[in-house]
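Visitor: I have a structure to look at and would like to learn how to read it. Please take me through it a feature at a time.

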Amino acid sequence: MSRHAPYRFRLYVAGDAQNSVQAVANLNALCREHLPNRHTIEIVDVFRQPERALTDSIFMTPTLVKLGPLPVQRIIGTLNQTQPVLDALGLGSHST
């Protein structure tokens with residue numbers, strides 16, 4: 001198990017907007033199921049930290065950024081389609 005790198009995610013949301021709430025719930029569920037004990041999630045509310053969103057070139061929410069392992073990847077949306085999200089994150093072959 002030590003050979004699996006931890007995943008680091010940053011999720012940009014817009015306060016408690018419905019699509020942001022869904023994205024947080026979907027990401028938490030995905031990580032619990034597919035990356036137990038090997039992930040960290042940072043939530044950035046663009047309403048509270050607008051300068052950070054601009055600095056990080058975030059123009060839509062919700063936006064998920066996979067910071068590690070490399071390569072860095074971005075997914076925009078609520079993350080409700082699990083298999084395409086897993087595939088985009090490079091987890092498709094580990095999912096079942």
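This is a predicted model: local features need pLDDT of at least 70, side-chain atom pairs count only at pLDDT 80 or more; totals for chains, interfaces and linings use all residues.

Visitor: How many bridges join strand β1 to β3, and how do the two run?

Guide: Strands are DSSP runs of E with at least two residues, and helices are runs of H or I with at least four; both are numbered from the N terminus. Two strands pair if DSSP finds at least two bridges between them. Here β1 (residues 7-13) and β3 are antiparallel and joined by five bridges.

Visitor: What joins β3 to β4?

Guide: Four bridges do, and these strands are antiparallel. They form a hairpin, with four residues between them. Within β4, R74 stands opposite V65.

Visitor: Is strand β3 enclosed or open to the outside?

Guide: Buried means under 20% relative accessible area, exposed means over 50%, and partly exposed lies in between, with a 1.4 Å probe and protein chains only. Six of the six residues of β3 (residues 63-68) are buried, so the strand is largely enclosed by the rest of the structure.

Visitor: Which residues is Q73 in contact with?

Guide: Contact means heavy atoms within 4.5 Å. Q73 lies in β4 and counts as partly exposed because its relative accessibility is 23%. Leaving aside neighbours within four places in sequence, Q73 touches L64, V65, K66, A88 and L89. For A88, the backbone oxygen is 2.6 Å from a polar atom of the Q73 side chain.

Visitor: Which residues form the nonpolar patch on the surface?

Guide: Like charges are joined within 9 Å, and nonpolar side chains (Val, Leu, Ile, Met, Phe, Trp, Tyr) within 5 Å. Areas come from the Shrake-Rupley method with a 1.4 Å probe, and for residues only the protein chains shown count as cover. L54, F59, M60 and I76 make up this patch, with about 500 Å² of accessible area together. I76 belongs to β4 (residues 73-76) and counts as exposed because its relative accessibility is 52%.

Note on methods. Residues are numbered from 1 along each chain as its sequence is written. Side-chain values use heavy atoms; hydrogens and water are left out. Patches are made of residues with over 30% relative accessible area and no salt bridge: like charges are joined within 9 Å, nonpolar side chains (Val, Leu, Ile, Met, Phe, Trp, Tyr) within 5 Å. A salt bridge is a side-chain nitrogen of Lys or Arg within 4 Å of a carboxyl oxygen of Asp or Glu. A polar contact is a pair of N or O atoms within 3.5 Å; within protein, one must be able to donate a hydrogen and the other to accept it, and residues adjacent in sequence count only if both atoms are side-chain atoms.
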